[in-house]
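The sequence and the model are shown first.

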Amino acid sequence: GQSTLPGLPLSQELRWRVLIALAADGAPEAEARIAEELRRDPSDQGQKQAIAARAARPDAASKKRWLAELQDPKNSLGLARQRAAMEWLFPGTQTALQLQVLEAILRPLPELGRTRDAYFLASYTTTLLKPVCREESAAAMERALKRSDDIDPTTRLFLREALQADLECLALR
C-alpha cells in the first residue's frame, strides 16, 4: 500500500499473488500483511487467498499443521478452501519440504479413501503428490502402493498416477 509501480495497476488479484509469493519465500512480515490484506478484501476469494498464503509458508511445522487440518474428517473448511491450501502447500520451490513430510501425506490414504469423496481425493493426490523428482519420493510412493491392500481403487489410481509422474520426472532428469 505504500509503493506504486508505474504502468502496473495493483489489482486485488495481483496484490494477493505478490503476498502469496512473499509468504512462500518466508518473508518475516507475511502474516501481518496477510491479516491486513484480508481486512481489505474479506470476500470469499480473499479468504481463500489468505489460506493459500498461510499454507505457502516455508516451514515444516506449518506444513504438518496444514496436513493435519486437511486430513481431519471434521475439517470445517469447504472443499474450495481446502483446495486453496492444497494448491499452495508445496510451491515448486519447496520440494525439500514436500519430501520431508511425504510419509505424512501418504500414510492416511487408506482412511481418506474411506471417508472422503473422489473430488477431495483427486485434489489431495494431484496437489500434494506433485512430482518431487527424487528417488526417495518415488520409493515412498511405491512402498505406499505395496501396502495398499486397504486403499480403495480410486485412491490407488491417483497414487499410481502420482508415482508415474514422479518416475517420468526422474527419467527426464
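A salt bridge is taken here as a side-chain nitrogen of Lys or Arg within 4 Å of a carboxyl oxygen of Asp or Glu. By this criterion, ten salt bridges are found in the whole structure. The model is predicted, and local features need pLDDT of at least 70, side-chain atom pairs count only at pLDDT 80 or more, and totals for chains, interfaces and linings use all residues. Residues are numbered from 1 along each chain as its sequence is written, and side-chain values use heavy atoms, with hydrogens and water left out.

**Overall fold**

The chain contains eleven helices and zero strands, where helices (H or I, at least four residues) and strands (E, at least two) are DSSP runs numbered from the N terminus. Its radius of gyration is 17 Å, close to the 16 Å that the globule rule gives for 173 residues, so the chain is as compact as a globular protein of that length. This radius is taken over C-alpha atoms, and the rule is 2.2 Å times the number of residues to the power 0.38. The C-alpha trace spans about 55 × 40 × 25 Å along its principal axes.

Of the 173 residues, 45% count as buried (buried means under 20% relative accessible area, exposed over 50%, partly exposed in between; 1.4 Å probe, protein chains only). Among contacts (heavy atoms within 4.5 Å) between residues at least 6 apart in sequence, 68% join residues at least 24 apart.

**Salt bridges**

| Glutamate 31 | Arginine 54 | 2.8 Å |

The salt bridge between glutamate 31 and arginine 54 runs from helix α2 (residues 30–40) to helix α3 (residues 44–55), so it ties together parts that are 23 residues apart in sequence. Glutamate 31 is partly exposed at 38% relative accessibility, and arginine 54 is partly exposed at 26%.

Within helix α2, glutamate 37 and arginine 40 are three residues apart, a separation of about one helical turn. Glutamate 37 is buried, with a relative accessible area of 5%, whereas arginine 40 is partly exposed at 45%.

In helix α3, aspartate 44 and lysine 48 are four residues apart, again separated by about one helical turn. Aspartate 44 is partly exposed, at 42% relative accessibility. Elsewhere, salt bridges that share partners join Arg15, Glu37 and Arg40 into one network.
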